[in-house]
Amino acid sequence: MDTMEQRRNAIVDFVNEKGNITFAQLEKKFPEVSQMTLRTDLKHLDESKKIVRIHGGAKSVEVVLGTDDYIGRRAVRNVEEKENVVEKAVSLIKPNTTVFLDSGSTTTALARIWPDQPNFIFTSSMTCAMELSKLKSPTVFVIGGELNKFSMSVCGVSAIEQIKAVNFDLAFLGVTSYSSDVGFSCEVLMESYLKQAVLQRSGEKIVLMDSFKTDKKSTFHICRLEEVSMVISDPGISKEFREECERVGVQLQ
């Protein structure tokens, strides 16, 4: 394998690992490669259908196809940051409350350390349900709908209708991206509708988001920053995001 092939394979791995990247991130990852060469690489990889070029960067094929990335791949990405997030989140779970637990690798990590106490827990995630099944005290409801085999989550019209019939004390929501101009977003249309329905039915609305998801945009809008109660992230979150939270009155942990 020559150097060009190795570099292009490394670019594909990098894009797949992150889900989506900016050109600035690519330059930082490959500082010894010229801008022109990197742009040629992206063009070739896009034409080969190994990545998808977008304005200012690239996305993985799985994300663009609407799979919102493979749950197994996400589970081993940014592990330390996810652990920091869920350790903060678990302290907010009070007994005898009704909670919505979204799908995703971070929420699955939270389900893994959920306290064995009385709760009504509604989830759209097969992986969360598997972790919660190990506990004796909570009552777990898995909402029904179409299974996304990549994210191991359930969504669709029937799932959204079920959500509309429940009042949640607390909701833990996962997101794919955050950008100051569009707010929180994800890559699956029906999941964006589901998250919006949960927000309408919840008292405390908490977004679990590691710092790597900021300053990025996904295809489908979920909500603005000011529409949630709290964001839980890791110490790597940017000063700019902290200032945004302070400006709109959203608690950041």
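**Entry 1: Ground rules.** I number residues from 1 along each chain as its sequence is written. In this predicted model, local features need pLDDT of at least 70, side-chain atom pairs count only at pLDDT 80 or more, and totals for chains, interfaces and linings use all residues, while side-chain values use heavy atoms, with hydrogens and water left out.

**Entry 2: The sheet.** I looked up the strand order and found an open sheet of 7 strands, β6-β5-β4-β9-β12-β14-β15, with parallel pairing. Strands are DSSP runs of E with at least two residues, helices are runs of H or I with at least four residues, and both are numbered from the N terminus. Two strands pair if DSSP finds at least two bridges between them. The edge strands are β6 (139-142) and β15 (251-252), each pairing on one side only.

**Entry 3: Strand β4.** I asked how many residues of strand β4 are buried. I found that 5 of the 5 residues (97-101) are buried, so β4 is largely enclosed by the rest of the structure. Buried means under 20% relative accessible area, exposed means over 50%, and partly exposed lies in between, with a 1.4 Å probe and protein chains only. Both faces are covered: T97, V99 and L101 are buried on one side, and T98 and F100 on the other.

I then followed the neighbours of β4. It is joined by 5 bridges to strand β5 (residues 119-123), and the two run parallel. The chain passes from β4 through helix α7 (residues 105-112) to β5 in a right-handed β-α-β crossover. Right-handed means that, with the strands pointing away from the viewer, the path from the first strand over the helix to the second runs clockwise. Strand β9 (residues 168-174) also runs parallel to β4, and 3 bridges join them. A171 in β9 is the bridge partner of F100.

**Entry 4: Residue T98.** I located T98 in strand β4, where it stands opposite F120 in β5. T98 has a relative accessible area of 14%, so I record it as buried. Leaving aside neighbours within four places in sequence, its contacts (heavy atoms within 4.5 Å) include F120, F122, V166 and F168.

Entry 5: Helix α1 (residues 3-18) has 16 residues and reaches 23 Å from its first C-alpha to its last, close to the 22 Å expected. The expected span is 1.5 Å times one less than the number of residues. Among the buried residues of α1 are R7, I11, F14 and V15. G19 follows α1 and has a positive phi, near 90°.

**Entry 6: Cysteines.** A disulfide is a covalent bond between the sulfur atoms of two cysteines. I counted 0 disulfides in the structure, taking a disulfide as a pair of cysteine sulfur atoms within 2.5 Å. For C128, the nearest cysteine sulfur is that of C155, 14 Å away. C128 is buried, at 0% relative accessible area, and C223 is buried at 2%.

**Entry 7: Residue R242.** Not counting residues up to four places away in sequence, R242 touches D234, P235, I237 and L252. I also compared R242 with V182: they are 60 residues apart in sequence and 17 Å apart in space, C-alpha to C-alpha.
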